[in-house]
Amino acid sequence: MRLHLFLTLTLLLPYASAQIAQPVSVLMAQPALQGFKLEGNTLSNGSATLTLERKGDLLKAATVKLAASDTVQMGKLLNALTGYNFAEPLVNFLKQNNTPLEAATAVKPLSVNAEEYTLSFYKQKDVLNLSVSLTQIPESSFRKLNPSLIKGRVDAPIAIRVYSDFQCPYCQKLESEFLLAYARKLPKDVRLEFHHVPLEQIHPNARPSAEASECAAEQKKFWEYHEALFVDRSWMPSKDPSGIFNELAKKVKLNTRQFSACFSSRKYKSVVDAALEAAGRLGIRGTPTVYVGGYKLGNAYDPAAYERLYKLLR
């Protein structure tokens, strides 16, 4: 059984564009790879070797082999592969976990969850082997949704799962600048799912807006109401947004009497509770968080990032 540890990453800053799920040619253009020669799926500069796993023209995963003492080059290569500045936290992690690292093997590596990546380590004498891959969460780990919260074919094999909070300004930015338009032209094998993560501690109307949207879903109008909540933000500062929610219900042509009774009774409180619990089990701490299939997106605003993950999944 593999060891599972979490790498604590504080003040992480983007380093460059991530190379996993990019064409191998993009990786080769990275400054950290200057001096490396490519032969087949192996890159080497004499002191470090990278073995590449491909899916078509895309880099799916990579294994780095180099002297365990060469932490500078190790950090540069990891930064280039992931797009994050992992160098300093990586060195600290290896120092703090030397004993489990010494016990790790190729069969039972030391496995670390770091952002959307899985990093796996083991040593052979003084040589460190580091594997980098996108973490892929099994489909069974995701909560099944009411079909009304799904855009596109409900049985489409690839799911875009958006974990969102109606009051979150970053969620509103993602929706208004990208997803609302993107959802209108989904590929036939892709569906879009909306998962509630109301951050009640900082957004007092996030929970009631989520419950209101479920009342709209009851009338098969979730997506219309979802768009209305992200476009009309007048409900956000209100101490009692129920009147505005009723007006939005009228605007999207809901049965307002049914909607009002549903919302005031908190009929879907348990549904939102279940959504929050499911997000917690996945370790989701902020919004928006987006998964394509089982892969977490590093940049949910980049249409090309979605397309590349489709290629890995198809």
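**From a helix cap into the chain**

Modeller: Asp302 caps the N-terminal end of helix α11, with a side-chain oxygen 3.1 Å from the backbone nitrogen of Ala304. Helices (H or I, at least four residues) and strands (E, at least two) are DSSP runs, numbered from the N terminus. This is a predicted model, in which local features need pLDDT of at least 70 and side-chain atom pairs count only at pLDDT 80 or more, while totals for chains, interfaces and linings use all residues. Residues are numbered from 1 along each chain as its sequence is written, and side-chain values use heavy atoms, leaving out hydrogens and water.

Helix α11 covers residues 303–313, and its buried residues are Ala305, Tyr306, Arg308, Leu309, Tyr310 and Leu312. Buried means under 20% relative accessible area, exposed means over 50%, and partly exposed lies in between (1.4 Å probe, protein chains only). Over the chain of 314 residues, 48% are buried.

The peptide bond from Thr287 to Pro288 is cis, with omega near -5°. Thr287 is also among the contacts of Ser164, leaving aside neighbours of Ser164 within four places in sequence. Ser164 sits in strand β10 (residues 158–164) and is buried at 2% relative accessibility. Leu58 is 106 residues from Ser164 along the chain, and their C-alpha atoms are separated by 29 Å.

Strand β11 (residues 190–196) holds Glu193, which is buried with a relative accessible area of 4%. The side chain of Glu193 makes a polar contact with that of Arg191, at 2.8 Å. A polar contact is a pair of N or O atoms within 3.5 Å; within protein, one must be able to donate a hydrogen and the other to accept it, and residues adjacent in sequence count only if both atoms are side-chain atoms. Residues up to four places away not counted, Glu193 touches Leu145, Leu149, Ile150, Ala159, Ile160, Arg161 and Val162.

Next come two helices, α6 (residues 206–218) and α7 (residues 222–231), whose axes come within 7 Å and cross at roughly 150°. Axes are lines fitted to C-alpha atoms, for helices over the stretch in contact, and angles run from 0 to 180 degrees between N-to-C directions. The angle makes α6 roughly antiparallel to α7, a label for angles over 145 degrees; under 35 is roughly parallel, 65 to 115 roughly perpendicular and the rest oblique. In the contact, Ser209, Ala212, Ser213, Ala216 and Ala217 of α6 meet Phe222, Tyr225 and Leu229 of α7. These residues divide into 6 nonpolar, 2 polar and no charged. Ala, Val, Leu, Ile, Met, Phe, Trp, Tyr, Cys and Pro count as nonpolar, Asp, Glu, Lys and Arg as charged, and the others, Gly among them, as polar.

Two residues other than glycine have positive phi: Ala21, near 75°, and Arg266, at about 55°. Ala21 lies in the loop between β1 (3–6) and α1 (24–28) and is buried at 5%. Arg266 lies in the loop between α9 (256–264) and α10 and is partly exposed at 39%.

The chain has 11 helices and 13 strands in total.

Notes. Contact means heavy atoms within 4.5 Å.
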